[in-house]
Structure formats: structure tokens, C-alpha cells
Amino acid sequence: MTRPLPPEIPVRIAAPWLTAPSLRAVFSAFASAGSEVRVVGGAVRNAVLGIDVADIDLATPMLPDDVIALARKNDFSVYPTGLSHGTVTVVAHGVSFEITTLRRDVETTGRHAVVAFTSDWEADAQRRDFTINALFATADGTIIDCVGGLDDLAHRRVRFIGDPSARIREDYLRILRFFRFFACYGWGDIDPGGLKAATTLKSGLKTLSAERIRSELLALLRIERAG
């Protein structure tokens, strides 16, 4: 079967949600404060592939308390939904956005991480799981790719960022996510380095809660290529 490739991998996305008043208001608020916020992760990946986007996550070098203050100044609703990991939820024009301060890992436990905030976009990208999940998009839709995610999207590869074993030891749930993302976005042969690491470290799944395993497996089973 022929691998389905986008006709051309763009360096800029032009998705309708990028120009929605809600997101433009958030971009404008950060720009007026002399800072920047970028779309990150799944929304960028799906926009490149022409797939519908459900949630829009944002990243910024601005510290969480400053994000909260900025949101209130601009009359956005704001909720400290994950302050220990730098995440606040901002509601602009009735639309919710999770905005997370750029991070680097200080300590990982196999499921949760102790993080430190940073202003380094590449450091934040390097701590994520898969290359196709670490793409940023600026306010004008320009894609920032620090880890080779665009090329992997073009070839429908699902690859861990850096050393697969290291990424899995940081969070054993990534074993299940590896197979789910391959079923959803991959094509051809599964990445051998990722498969070897997942097989070698599979005992780490015992450290996860039954609820988390159930959630991931049900998400996998909903995908057409789950088998």
C-alpha cells in the first residue's frame, strides 16, 4: 500500500483556527506585554496533516504568575489548573487554552517530573515525547521545528526525541502512547529503536495506575488501524 504523504510539508500553517478572534486576542495580549506565546504539539501536527484540531495548547517563556496577571489585565478568565507544572487555563472569547511555561526536567520518576522553568524553546522541545509532538507555530503560522518533526510527519514516522529508552524511563506511559500514535499517524514499519526500547522496558508499565492504562488502551482501540 502506498504511504499517504502530504503533497508538500509547509513551513507555515494556514488553519482557520489560527485566525479565530479568541486565539488572536491571546497572541495580541502577549505581544503587548513584550512576550511571545506559540501553539505547540497536536494542533500544529494536525494542521500540517490537514486533520481536525480539538484542543489548542500554547507555550510561552512567561512565568505562570505573570500569565495569570496578563490574562486578568485583558479580562480573560483564568484558572490555575496545573501550576506545579507551569500550566494555567485561559478562556478568551469563550474558548479555553492551556498555556504552559517553557520547561526543562529536573527529576523524573517514570510518570511525573519535577520541572524548572526556562526561556529556551529548544530545551522545552527536547523534553517532549515524540518529534511530531514538539512542533511550535508562531502567531503568523510559521512552524518552528527543533527536533526533526516535520520530516517525520512527511514520512509518517513516529519517533521518540533523542534516546527512546531515556524518554520511556521518564514516563512509562509513553510505551502505550508510542503504539497509539503509530496506529494514528504512522505508516509502514514501526520505528525499530522505539520498539526495542518499549519491549526492553515493558516492565515499567507495572508502575502505572490501572486507570491510566485503561484510558490509553481505549484510546488506541478507537483508532481505525488499532489492529
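**Loops, a strand and a pocket**

Modeller: Let's start with Asp75, which is exposed, with a relative accessible area of 71%. Keep in mind that this is a predicted model.

Biologist: Thanks! Where is the place of Asp75?

Modeller: Asp75 is in the loop between helix H3 (64-73) and E3. Its phi is near 65 degrees, a positive value in a residue other than glycine.

Biologist: Okay, what about Arg156, what is its phi?

Modeller: Arg156 has a positive phi of about 50 degrees, and it is not a glycine either. This residue sits in the loop between helix H5 (149-154) and H6.

Biologist: Is Arg156 buried or exposed?

Modeller: Arg156 is buried, because its relative accessible area is 15% and the cut-off for buried is under 20%.

Biologist: Moving into H6, how accessible is Arg169?

Modeller: Arg169 belongs to helix H6 (residues 164-170). With a relative accessible area of 46%, Arg169 is partly exposed.

Biologist: New topic: where is Thr89?

Modeller: Thr89 lies in strand E4 (residues 87-92). At 11% relative accessibility, Thr89 counts as buried.

Biologist: Which side chain does the Thr89 side chain make a polar contact with?

Modeller: That of Thr81, at 2.9 Å. Leaving aside residues up to four places away in sequence, Thr89 touches Ser77, Val78, Tyr79, Thr81, Ser96, Phe97 and Glu98.

Biologist: Nice. Now the largest pocket: how much space lies in there?

Modeller: About 1,300 Å³. The lining has 44 residues, and the closest to the pocket's centre are Asp57, Arg103, Arg128, Asp129 and Arg177.

Biologist: Which elements give two or more residues to that lining?

Modeller: There are helices H2 (42-49), H7 (173-185) and H9 (210-221), along with strands E2 (57-60), E3 (77-82), E5 (95-101) and E6 (103-108).

Biologist: And which of these gives the most?

Modeller: H7 does, with seven residues in the lining of the largest pocket.

How values were computed: Residues are numbered from 1 along each chain as its sequence is written. This is a predicted model: local features need pLDDT of at least 70, side-chain atom pairs count only at pLDDT 80 or more; totals for chains, interfaces and linings use all residues. Side-chain values use heavy atoms; hydrogens and water are left out. On a 1 Å grid over the protein atoms alone, a cavity is a set of points where a 1.4 Å probe fits but cannot get out, and a pocket is an open set with protein on both sides within 12 Å along at least five of seven lines; lining residues have an atom within 4 Å of a point. Grid points are joined across faces, edges and corners, and a volume is the space filled by probe spheres set on the points. Helices (H or I, at least four residues) and strands (E, at least two) are DSSP runs, numbered from the N terminus. Buried means under 20% relative accessible area, exposed over 50%, partly exposed in between (1.4 Å probe, protein chains only). A polar contact is a pair of N or O atoms within 3.5 Å; within protein, one must be able to donate a hydrogen and the other to accept it, and residues adjacent in sequence count only if both atoms are side-chain atoms. Contact means heavy atoms within 4.5 Å.
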